[in-house]
Amino acid sequence: AGDGVARTICALPIPNAGVSGLEDEILAAVLGHACHVVALMAKYATVALRFQPVPLGSRSCMRDRTVPLHPARASTRTRDGNDFPLYVKGQDRMRVQVALEMLSADVQQLLAAHGVPRANRESENPRSAILADLQAVVVAARRRFLAAMGGIDALGKLHATSVAALAISQVDMAEAVRF
């Protein structure tokens, strides 16, 4: 990454796309996890995203609801023309690039909804930038949750599995004390 931080999600590193089939599958899993987080963050924050994330694991995609379905496809209810894959295997790379741009736009929308300014990541790999911005959204949401629940004292009221699910780190807990 541009800031010297190796980006991961669920312990999966972001590989260089197009190097090997295995790395394409890892990238698909990384983007699938990111798609799932975006969908959940939008749901919890009640943000209506411009592009609909469709989390399907390593076969996730982004759906463009602004383009009407082709009449021939409307009868079968398939959305192939409106779905842009977040995986490379067997797909047109231009459609994958469009999906990455759609995912990035949704993450930027979540950043704005949480009042988090977007960092300048122009020199960074676009996939790493998406994860870095997504991390900023998650951290902001955790801070807002802790503030709304009464700060650090609220942690004692939460069940241990809830705290683990929030992935509250020592740094976040130290920052929560400031509320």
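Predicted model: local features only at pLDDT ≥ 70, side-chain atom pairs only at ≥ 80, totals over all residues.

Biologist: In what order do they come along the sequence?

Modeller: The pattern reads β-β-α-β-β-α-β-α-α-α-α.

Biologist: And how much of the protein is buried?

Modeller: Buried residues account for 37% of the 179 residues. On the contact side, take the pairs at least 6 apart in sequence: 54% of those contacts join residues at least 24 apart.

Biologist: OK, what about the largest nonpolar core, how many residues does it have?

Modeller: That core has 28 residues. The ones with the most contacts inside it are Val 38, Met 62, Leu 86, Leu 103 and Leu 110.

Biologist: Which helices each supply at least two residues of this core?

Modeller: H1, H3 and H4 each do that. H1 gives the largest share, with eight residues. As a general point, nonpolar side chains tend to be buried together in soluble globular proteins.

Biologist: Let's zoom in on Leu 103. Where does it lie, and is it buried or exposed?

Modeller: Leu 103 lies in helix H3. It counts as buried because its relative accessible area is 0%, and the cut-off for buried is under 20%.

Biologist: What does Leu 103 touch, leaving out residues up to four places away in sequence?

Modeller: Leu 103 touches Leu 31, Ala 34, Cys 35, Val 38, Met 62, Leu 86 and Ile 130. Take Cys 35: it is 68 residues from Leu 103 along the chain, yet their C-alpha atoms are separated by 7.2 Å.

Biologist: Leu 86 is on that list. Which residues does Leu 86 touch, with the sequence neighbours left out again?

Modeller: Not counting residues up to four places away, Leu 86 touches Ala 28, Leu 31, Cys 35, Ser 60, Cys 61, Met 62, Ala 99, Leu 100 and Leu 103.

Biologist: Switching to helix packing. How do the axes of H3 and H4 sit relative to each other?

Modeller: H3 covers residues 93–113 and H4 covers residues 126–148; their axes come within 9 Å and cross at roughly 25°. That angle is under 35 degrees, so H3 is roughly parallel to H4. The crossing of H3 past H4 is left-handed.

Biologist: Which residues make the contact?

Modeller: From H3 you have Leu 100, Leu 103, Ser 104, Val 107, Leu 110, Leu 111 and Ala 113. From H4 there are Arg 127, Ile 130, Asp 133, Leu 134, Ala 136, Val 137 and Arg 144.

Biologist: How do those divide into nonpolar, polar and charged?

Modeller: The contact of H3 with H4 has 10 nonpolar residues, one polar and three charged.

Biologist: Ser 104 is in there. Is Ser 104 buried or exposed, and what is it in contact with?

Modeller: Ser 104, found in helix H3, counts as buried because its relative accessibility is 15%. Leaving aside neighbours within four places in sequence, Ser 104 is in contact with Arg 118 and Ile 130.

Biologist: And Arg 144, what's its accessibility?

Modeller: Arg 144 is in helix H4. With a relative accessible area of 47%, Arg 144 is partly exposed. Its contacts, with neighbours within four places set aside, are Ala 113 and His 114.

Biologist: Where does Thr 46 lie, and is it buried or exposed?

Modeller: Thr 46 lies in the loop between helix H1 (21–44) and strand S3 (51–54). At 71% relative accessibility, Thr 46 counts as exposed, because the cut-off for that is over 50%.

Definitions and conventions:
Residues numbered from 1 in each chain as written. Heavy atoms only, no water. Helix = DSSP H or I, 4+ residues; strand = E, 2+ residues; numbered from the N terminus. Buried < 20%, exposed > 50% of the residue type's maximum accessible area, 1.4 Å probe, protein only. Axes fitted to C-alpha atoms, helices over the stretch in contact; angles between N-to-C directions. Parallel < 35°, antiparallel > 145°, perpendicular 65-115°, else oblique. Left-handed = near helix turned anticlockwise from the far one by under 90°. Contact = heavy atoms within 4.5 Å. Nonpolar A, V, L, I, M, F, W, Y, C, P; charged D, E, K, R; others polar. Core = buried A, V, L, I, M, F, W, Y, C linked by side-chain atoms within 4.5 Å.
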